[in-house]
Amino acid sequence: MTIYKQSKYGHVLPHETGVTFFNSITLEVLEGGEEDAEVWRSFEQPRAAGGTADATEQVLVDAGLLVPVDRVEERRLLDKLTDIRVTQRKTRSGSFKFLRMSLTERCNLKCDYCFVEEVIYKDLPKEAAPTERFLEHVEWLIQQNPNGWPTVQYFGGEPMLRWDLIQDTTRALEEAVAAGRIAGFTHEMTTNGTLMTSERARWLVEHEVSLTISLDGWKEINDRHRVFHNGRGSYDLVIKAVKEIRAAGGEPQFLITLLPETVEILPKIVRFVVEEIDAKSVAVNAPQPTVDGWEVDGLALSRSVQESWLFCNSRGVEFQSLGAFLVELINQRRPQPDRCFEGNPTGADAHWGGYVAADGSLSFCIVWHQDERVTTPSVHQIPKERVADWHYDTASVDDCDGCIAGMVCGGPCTLERLLNGGGLNPDRCKFFKTMVPFVLTRPSIGAPQ
Ligand SMILES: C[S@@+](CC[C@H](N)C(=O)[O-])C[C@H]1O[C@@H](n2cnc3c(N)ncnc32)[C@H](O)[C@@H]1O
């Protein structure tokens with residue numbers, strides 16, 4: 001008779017109507033009642049299966065939640081993740097489908113937390129690349145996606161300072177569609193909104209640019225940090241921009257940036273944006289990595305994201321944030337082998353994202369781009385191995401093995417590991433360790449069947 005033990009990768013999460021069983025290697029999810037949880041608990045000390053509740057025992061065995069007592073469990077999760085990474089390195093085509101283009105490093109605002117000023121560009125000359133250079137990148141993206149559907153994001157600095165480039169890029173993409181080279185494209189802009197006019201709003205809506213406007217909350221909160229060079233706040237102009245976009249028939253997404261002192265009031269901010277500004281789509285910026293973790297505490301962020309997500313769901317408002325992709329990964333039982341959590345790294349539609357800096361160089365990390373480890377002077381000479389190294393580095397951190405999020409968090413990304421010397425990122429751990437149980441036990445957010 002086989003003696004079974006609880007698998008180190010078995011997790012049991014109580015919720016309002018019962019318990020959720022989760023296998024953190026296979027991502028299998030099972031629903032059960034208190035009596036099933038009791039069966040699970042009865043294996044805290046290994047014992048033979050086949051007692052009075054043997055149907056449940058068999059289900060738990062089949063799901064790999066109970067395993068033979070002599071099964072060596074060490075590194076099973078990490079080894080599986082490594083295998084997937086090795087395979088991905090060999091099989092991924094290396095094509096790019098998303099380009100974030102920093103049209104300029106200049107900005108008419110001077111937000112005091114901005115990474116563009118503080119982290120990345122502080123020592124760099126602010127020389128802009130010529131228009132042709134940007135269009136060369138766009139042409140390259142088109143070539144990467146024959147009959148496909150690439151995405152360009154206008155970013156900065158403030159992208160609306162380069163209205164000419166937005167129009168030139170749009171023209172190039174539209175011509176590519178007209179010539180049958182690509183099936184279509186998505187273009188989106190992240191903007192501070194202050195340079196919007198009714199004419200521009202009409203043009204943007206007409207050309208179907210998805211608009212994301214940065215807004216950190218009500219006037220007092222927003223204007224504490226999102227200010228012009230003379231210190232004046234931007235809130236009133238953002239509200240004006242929203243009116244212009246709506247008058248033109250569009251609807252922007254609102255993008256909130258959190259600081260250590262605002263992370264706990266995110267739910268209040270989201271409620272404000274939904275109730276007072278009538279937002280239909282709200283997004284939260286991912287925190288910037290630092291040598292110690294993230295700029296905001298991972299646990300506080302997780303709690304705030306959870307509350308905000310449930311609120312948006314209850315109001316039929318779209319909610320985007322770090323962690324939202326867990327629903328899809330778990331529902332489709334798809335591990336996260338790619339070190340990047342910013343792009344769209346897994347699944348049938350998997351693609352890589354690139355960042356075109358305002359000086360015209362291309363990086364294959366969409367966050368970090370002034371570093372020779374990730375940049376390439378010419379888009380025509382990107383060695384696939386370098387990109388694969390960045391995305392599928394097989395180094396692992398032992399502690400990820402028993403983590404409930406081990407297979408869907410992906411561990412610290414390559415950039416985080418470079419910054420902190422290769423170890424775990426404590427904020428990432430706090431965030432994903434709590435987000436996974438949340439997603440697993442809230443059917444209302446579209447979580448696991
Ligand atoms: C760098 S801005 C560029 C586009 C445009 N100027 C804007 O304000 O939306 C893009 C987004 O990054 C956000 N951001 C800037 N610094 C950040 C930081 N340290 N952590 C997280 N997000 C940050 C901004 O608030 C904004 O939502």
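In which loop is Gly157 found? Gly157 is in the loop between strand E8 and helix H6, the latter spanning residues 163–178, where helices (H or I, at least four residues) and strands (E, at least two) are DSSP runs numbered from the N terminus.

Before I go on, a word on the model. Residues are numbered from 1 along each chain as its sequence is written. This is a predicted model, in which local features need pLDDT of at least 70 and side-chain atom pairs count only at pLDDT 80 or more, while totals for chains, interfaces and linings use all residues.

For background, most residues other than glycine have a negative phi, and most peptide bonds are trans.

Turning to the overall layout, the domain assignment, which is automatic or taken from a database, gives the protein chain a domain 1 at 1–73 and a domain 2 at 92–392. The C-alpha centres of domain 1 and domain 2 lie 42 Å apart.

Next comes the ligand. There are 18 residues around the ligand, and those that come nearest are Cys114, Asn192, Ser214, Thr257 and Asn285, a residue being near if its C-beta atom, placed from the backbone, lies within 6 Å of the molecule or strand. Helix H4 (115–120), strand E8 (151–156) and strand E9 (186–191) are the elements that give two or more residues to this shell. By class, the shell holds eight nonpolar, eight polar and two charged residues, with Ala, Val, Leu, Ile, Met, Phe, Trp, Tyr, Cys and Pro counted as nonpolar, Asp, Glu, Lys and Arg as charged, and the others, Gly among them, as polar.

I will finish with helix packing. Two packed helices are described by the angle between their axes and the distance between the axes. Here the axes are lines fitted to C-alpha atoms, for helices over the stretch in contact, and angles run from 0 to 180 degrees between N-to-C directions.

Helix H1 (residues 34–41) and helix H2 (residues 54–62) pack at about 70°, with their axes 10 Å apart, so H1 is roughly perpendicular to H2; angles under 35 degrees count as roughly parallel, over 145 as roughly antiparallel, 65 to 115 as roughly perpendicular and the rest as oblique. On the H1 side Asp36, Val39 and Trp40 meet Thr56, Glu57 and Leu60 of H2, contact requiring C-beta atoms, placed from the backbone, to lie within 7 Å. That contact comprises three nonpolar, one polar and two charged residues.

For helix H7 (residues 198–206) and helix H9 (residues 235–247), the axes come within 8 Å and cross at roughly 50°, and H7 and H9 are therefore oblique to each other. Ser198, Ala201 and Val205 of H7 make the contact with Glu244, Ile245 and Ala247 of H9, and these residues divide into four nonpolar, one polar and one charged.

Finally, helix H10 (residues 266–276) and helix H11 (residues 298–315) pack at about 25° with their axes 8 Å apart, which means that H10 is roughly parallel to H11. Among the residues that meet there are Leu266 and Arg271 in H10, and Glu307 and Phe311 in H11. In this contact there are six nonpolar, two polar and three charged residues.

Technical notes:
Two residues are in contact if their C-beta atoms, placed from the backbone, lie within 7 Å.
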